[in-house]
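Subject: Handover of a structure, with notes

Dear colleague,

Please find below the sequence and structure that I am passing on to you.

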Amino acid sequence: MMAAVLALIAGIWFFHQPPLVPAALVGPFTVVLPLAGVLATLAWLWAARRGSPFTWLPAALLGLLAGAWLAPPYAADWSDKVVGPEWSGKDVSVRAQVVNLPEHGERRSRFRVRVSETDQTASGLALDGRELRVSTFPARPAIEAGDRLQLGLRLRGVEGPRNPGGFDVAGWFYREGVHGSAVARSVTPLAGVQEETSGRVIMHRLRAEMRDRLERAAPDLRHPGLVQALVIGHRQAMTENEWQAFLHTGTNHLMAISGLHVALVAGFAGGVAGWLWSGLAPLRRVRRWLFMSVAGLLAAAGYAMLAGFSIPTQRALLMLVALTLALLSRREGVAWRALALAAAMVLIVHPPSVLAPGFWFSFGAVAVILLLLQGRIGATGWREGLRIQVVLAVAMLPLSLAWFQLGSWIAPVANLVAVPMVTLLILPLLLIGALLAGWWPAGGGLFLGVGDGLLALLVVTLEALAGIPLLVDQRHVPVAAALLGAVAVLLALQPLARRLMPWVAVAAVALVAPLRPDLAAGQWRVQVLDVGAGQATIVQTRGRALLIDAGPGREGGFSAGDRVVVPALRANGIRSLDALLVTHENAGHAGGVVAVREQMPVERTLRRSPAKNSADDPCVKGEQWTWDGVRFEVLHPPSGWNDDSSASCVLRVEGEGATLLVMGGLDGLGEAVMRRENPGFAVDLLVAPRTSNPRALQGDWLEQFPPGQVWAATTESGAGLPAEVRGRLEQRGIQLFETGRSGALSATSTKLDQVPAMGQARTRFWHPISSKPEQDIGESRRH
């Protein structure tokens, strides 16, 4: 069985690696797969009956065939319905129903809708049957699950910024079964419209009712977001500080209703059922273990429904079902069979789960615990719990660093405090309070208040632990290094671990080895990030790193510095910045600076307008320095200029055989002054100014500083580089590369003819093909 499940996982995983859905697997060939599966099953049964040592071979073949048969239909259906880039920015009017529990913030509401009818008279688009994630500005707290709305939408595709270390937005849409996103420009409730109400809508209405009951019974909670997260699985009300406290201590899994929570509810319900069975004679007609098992499963299913049947909750419920079935079979190796059966059930129900980090964390953690309990630990009680927590934290560290750029060395201690506190005290109190809130609000509020008080104590404790220096490791680890680290963990868990320690040490070296750019003295590497309506550029030499601008951001809202720039820096092996240059104070360039400085040490900052009493240095013409044989020089502005875009800092980087020029937001008068103040020179790579001025990069300027190629930080629609500028570049035959079309751009001074673009690298079939291919790149996307 284990061989079949491992092969099933491998089959589904390999299916998701190509850039296109394999046509053979969604065409007539699909008829052959079930027949081949029948033959593999017969071969498996025959080999098992004969006691053959090769039983695993037909089992593995069966798993591969099952994976090739299960995954393609889901992928093909999603690919047919996805909102592609060619639809992005178009307006459409639809009639739709809200099919989830909406998220209401101070500025924005966001919810998921299923489109039932499209008005095609204006747009010509048909969105019927598609599910979209819709945002409204300002927030509309009156919108609830099940509401039927007439929406005027501006469509957006599923592709997000494409950067090293960045979140795969399109992959999330694919896993969640959402076909696109949109901003609602008009919202009109439809009263009295009769449409079929699905079970999913009814479920989310019940969740909304439970949320309202919690708020009525206990309106003055200190941590209402945490209470909602634990009771109904609604984490959107958590504050950023609350989330960071759990995240940095490795206890964030407690805020996602999953195996631990579901098992606790099932165990409590099973215990109550056993007590009732002993006291009520009519119940004794049913076997005690069966009655307890059914009661536990029903309670777990009810709790999973209250949590919205999210994918982690589905995974936990299926694992519980598998464990129950394995226990009922009363055969040896129950735990491993249950784990294998649960993994198979999860992938059969939802094949894209194989792409979710939660899938590997959940099953990986259980597998580690099972390995530990197989004779590795002889201690009992708190010693056993401590050792399990320590080993689990180390075992999950490679995956955490690879996927989230975060590892917590304080996690064992934090989990020893948080796990029993949440599972044995806080969660039971909150669930009892939630049950009482409907018919006895005062009693429910009392339990909720006590649970909230314990949560407040827990948050303070976790914040103190997270504040201990050097115990939170925030860096990027390549997938290959993470896999080697996982090998080290597996070797360390073997019975003869002491003999294997040299190999464990060798495999673990990959986790601690620093990432360094493959550059010689005099060489540089540049990377222009895809930050949307702004600009951020990373320049590296052999041992130094410079960040030029940090993308857009606003106080209390989105920050490209936090979401894009810092993950990209870590993905490049940068753990501290030798310098940060802010070309000018426009929000698209300076908005993300605060977030970068909060998360990464910066030795020196140059900017146009240093604040008073600040350690920042002014960025003015004549400033220069040399790193590893690479010369940096500020060419503009002269001292005494104001702070508008014409005074934007311009930086020249000269290395081995190549010159880089980064213009920030320079345009207009600034270009004329730069021409007058600096002799002309050839530019191998020009990072164009981000501007809306059609007079930027005038012909005279291009003649004095002729560029070999131009990179521009643009949005998906091309904003950030006017059409007139594009025309001038095209007339001169200058290559143009744009982040809005290709994602982050990267090159080294010795290989400027090779421009890796994130839009082409790591492409999977859920990444839509751009309708505006880049010049001279992107052929692989079109074919």
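By class, the lining of the second largest cavity consists of four nonpolar, three polar and one charged residues. In this scheme Ala, Val, Leu, Ile, Met, Phe, Trp, Tyr, Cys and Pro count as nonpolar, Asp, Glu, Lys and Arg as charged, and the others, Gly among them, as polar. The model is a predicted one, in which local features need pLDDT of at least 70 and side-chain atom pairs count only at pLDDT 80 or more, while totals for chains, interfaces and linings use all residues. Residues are numbered from 1 along each chain as its sequence is written, and side-chain values use heavy atoms, with hydrogens and water left out.

**Cavities and pockets**

Rolling a probe the size of a water molecule over the atoms shows where empty space is left. On a 1 Å grid over the protein atoms alone, a cavity is a set of points where a 1.4 Å probe fits but cannot get out; a pocket is an open set with protein on both sides within 12 Å along at least five of seven lines, and lining residues have an atom within 4 Å of a point. Grid points are joined across faces, edges and corners, and a volume is the space filled by probe spheres set on the points.

By this rule there are two cavities of 30 Å³ or more. The second largest cavity has a volume of about 50 Å³, and its lining is made up of Ile311, Gln314, Arg315, Leu318, Val346, Val349, His350 and Ser353. Helix H11 (311-329) gives the largest share of this lining, four residues. Helices and strands here are DSSP runs (H or I of at least four residues for helices, E of at least two for strands), numbered from the N terminus.

The second largest pocket has a volume of about 550 Å³. Of the 19 residues that line this pocket, Val265, Tyr303, Leu431, Ile432 and Leu435 lie nearest its centre. Helix H15 gives the most to the lining, with six residues. The lining residues of this pocket divide into 16 nonpolar, one polar and two charged.

**Two open sheets**

Two strands pair if DSSP finds at least two bridges between them.

Four bridges join S9 to S22, and the two run antiparallel; Val526 has Ala747 as its bridge partner in S22.

**Arg525**

What does the side chain of Arg525 join in a polar contact of 2.6 Å? That partner is the side chain of Gln540. A polar contact is a pair of N or O atoms within 3.5 Å; within protein, one must be able to donate a hydrogen and the other to accept it, and residues adjacent in sequence count only if both atoms are side-chain atoms. The side chain of Arg525 also makes a polar contact with that of Asn572 (3.0 Å). Arg525 itself lies in strand S9.

Yours sincerely
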